[in-house]
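Hi there,

Here is the structure I promised to pass on to you. Please have it open while you read my notes below.

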Amino acid sequence: MNLEEVLDVFRTDDEKAKLLAMQIANDRGREVLECIFRGRPKSASEMARELGIPLPTVMFHIERFLEIGIIKVVRTRMSKKLREIKYYGPA
């Protein structure tokens, strides 16, 4: 699935529509979204490395896209340090 195959309808007075517009207008936001829709599900750390941008920036955009409902956590696993790692994909 890629971004061109996704269609979701929002009302123009919906807060999600406003948030999505802000995210799409942001270069980093678009890069993160395109990364999520490209290939297999990825963790935030993988996206940060792939895109060459700081992890906090990636996490900021992931949180926004989760709030909008355009992406979701598709799986989780435990790291060697017993921390939960989330993998994101299209909703």
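The largest nonpolar core has 18 residues, and those with the most contacts inside it are Met 47, Val 58, Ile 62, Ile 70 and Ile 71. By nonpolar core I mean a set of buried Ala, Val, Leu, Ile, Met, Phe, Trp, Tyr and Cys residues joined through side-chain atoms within 4.5 Å. Buried stands for under 20% relative accessible area, exposed for over 50%, and partly exposed for what lies in between (1.4 Å probe, protein chains only). Two or more residues of this core come from each of H1, helix H2 (27-37), helix H3 (44-51) and H4, and H2 gives the most, with 5 residues. In soluble globular proteins, nonpolar side chains tend to be buried together.

Before going on, a word on the ground rules. This is a predicted model, in which local features need pLDDT of at least 70 and side-chain atom pairs count only at pLDDT 80 or more, while totals for chains, interfaces and linings use all residues. Residues are numbered from 1 along each chain as its sequence is written, and side-chain values use heavy atoms, with hydrogens and water left out.

Now the overall layout. The protein chain has 4 helices and 3 strands, in the order α-α-β-α-α-β-β from the N terminus. Helices (H or I, at least four residues) and strands (E, at least two) are DSSP runs, numbered from the N terminus. Of the 91 residues, 31% count as buried. Taking contacts (heavy atoms within 4.5 Å) between residues at least 6 apart in sequence, 46% join residues at least 24 apart.

Next, the helix packing. H1 (residues 15-25) and H4 (residues 55-68) pack at an angle of about 150°, with axes 9 Å apart. That makes H1 roughly antiparallel to H4 (under 35 degrees is roughly parallel, over 145 roughly antiparallel, 65 to 115 roughly perpendicular and the rest oblique). Axes are lines fitted to C-alpha atoms, for helices over the stretch in contact, and angles run from 0 to 180 degrees between N-to-C directions. On the H1 side, Lys 16, Leu 19, Leu 20, Met 22 and Gln 23 meet Phe 60, His 61, Arg 64, Phe 65, Glu 67 and Ile 68 of H4. By class, this contact has 6 nonpolar, 2 polar and 3 charged residues (Ala, Val, Leu, Ile, Met, Phe, Trp, Tyr, Cys and Pro count as nonpolar, Asp, Glu, Lys and Arg as charged, and the others, Gly among them, as polar).

H2 and H3 pack at about 115°, with their axes 11 Å apart. Glu 31, Val 32, Cys 35 and Ile 36 of H2 make the contact with Met 47, Glu 50 and Leu 51 of H3.

Arg 30 lies in H2 and is partly exposed, at 30% relative accessible area. Its C-alpha is 9.0 Å from that of His 61, although Arg 30 and His 61 are 31 residues apart in sequence. Leu 82, in the loop between strand E2 (71-78) and strand E3 (84-90), has a positive phi, near 60°. Most residues other than glycine have a negative phi. Leu 82 counts as exposed, at 66% relative accessibility.

Best wishes
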